[in-house]
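Please look at the sequence and the model shown here before reading on. The report that follows takes up helix packing and then strand pairing.

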Amino acid sequence: MPLGLGRRKKAPPLVENEEAEPGRGGLGVGEPGPLGGGGAGGPQMGLPPPPPALRPRLVFHTQLAHGSPTGRIEGFTNVKELYGKIAEAFRLPAAEVMFCTLNTHKVDMDKLLGGQIGLEDFIFAHIKGQRKEVEVFKSEEALGLTITDNGAGYAFIKRIKEGSVIDHIQLISVGDMIEAINGQSLLGCRHYEVARLLKELPRGRTFTLKLTEPRKAFDMIGVRLGGGRPGSGPQLGTGRGTLRLRSRGPATVEDVPSAFEEKAIEKVDDLLESYMGIRDTELAATMVELGKDKRNPDELAEALDERLGDFAFPDEFVFDVWGAIGDAKVGRF
């Protein structure tokens, strides 16, 4: 697919309202449309974009998950800029966007937007809804939570283990953003930092969680999701290629990951959950990318320390990651 899309004299509207344009085929909620080929208009307000030569000229369709007209967004190169473009399209503060799912308006963690977007994926943005404060008695060391984050400073619950401490508290749900623990703000914290704080809370004591749930559509009210099994949902990237969003550097258009890469990413993501209580497909993909050409665990450890030193991965975790990548290479699934 060529990246240089044709220019138009007049830029298309950021939000398409089908009622205002009855002669035009509309896209309803839950009806993903094809990749748009719109042109570049004049400069738009929002976050400063990277140089045009580094920015893929791709157009994606988006809606607010609780219901909205269809928006068109382009010109982003990382997750923060994506949220800024969504906020601009729907005239919202960027801080209201919690996370995005692909091809579904539901809070489905198997469809969570991570570091890749299929070129034909439809983006649903989940924004802040009801805030709540919950007291939790930590009766066991493990609370049963898996934490992820949106890449822009919000950590939220990706999975709740069945039968766990948190599973018995109906007010806490998958998709809830963790704003604070015992009054300590967590805005701007990464998922592993939040998971560490939860793990370090003393057993046998009560602590307070301040949470914000995603705004719900009427057909979602009252539904409490526990999260699917790891790897149980369809893979991201339903189109012929994917837009890879990076925390550093420009976005790139890449082929859909190979069978080896998909399996290795899944296995490394499982290890992240097992060792650290987090799930992060972008982080797992980066680790696979760093490790697939390394000759031994020591070389992998050096590469991880250089690129991802803030995580301070333990030696046994690095060894297991090396093994998982090796198993995927030889087809031991």
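At what angle do helix α3 and helix α6 pack, and how far apart are their axes? In this predicted model, where local features need pLDDT of at least 70, side-chain atom pairs count only at pLDDT 80 or more and totals for chains, interfaces and linings use all residues, helix α3 (residues 259-276) and helix α6 (residues 315-329) pack at an angle of about 155 degrees, with their axes 9 Å apart. Residues are numbered from 1 along each chain as its sequence is written, and side-chain values use heavy atoms, with hydrogens and water left out.

Helices (H or I, at least four residues) and strands (E, at least two) are DSSP runs, numbered from the N terminus. Axes are lines fitted to C-alpha atoms, for helices over the stretch in contact, and angles run from 0 to 180 degrees between N-to-C directions. Angles under 35 degrees count as roughly parallel, over 145 as roughly antiparallel, 65 to 115 as roughly perpendicular and the rest as oblique, and α3 and α6 are therefore roughly antiparallel to each other.

Contact means heavy atoms within 4.5 Å. Among the residues of α3 that meet α6 are Phe260, Val268 and Tyr275, and the residues they face as a group in α6 include Phe317, Val321 and Ile325. The residues of this contact of α3 with α6 divide into eleven nonpolar, no polar and six charged, where Ala, Val, Leu, Ile, Met, Phe, Trp, Tyr, Cys and Pro count as nonpolar, Asp, Glu, Lys and Arg as charged, and the others, Gly among them, as polar.

The axes of helix α4 (residues 281-291) and helix α5 (residues 297-308) come within 9 Å and cross at roughly 135 degrees, which makes α4 oblique to α5. In α4, Leu283, Thr286, Met287, Leu290 and Gly291 meet Leu300, Ala303, Leu304, Arg307 and Leu308 in α5, and the residues of this contact divide into seven nonpolar, two polar and one charged.

The table turns to strand β6 (residues 123-137), and two strands pair if DSSP finds at least two bridges between them.

| Partner of β6 | Sense | Bridges |
|---|---|---|
| β2 (residues 59-64) | parallel | three bridges |
| β4 (residues 97-102) | antiparallel | five bridges |
| β11 (residues 206-214) | antiparallel | eight bridges |

Phenylalanine 124 in β6 is the bridge partner of glutamine 63, and phenylalanine 124 is also the bridge partner of threonine 101. Lysine 128, in turn, stands opposite proline 214 in β11.
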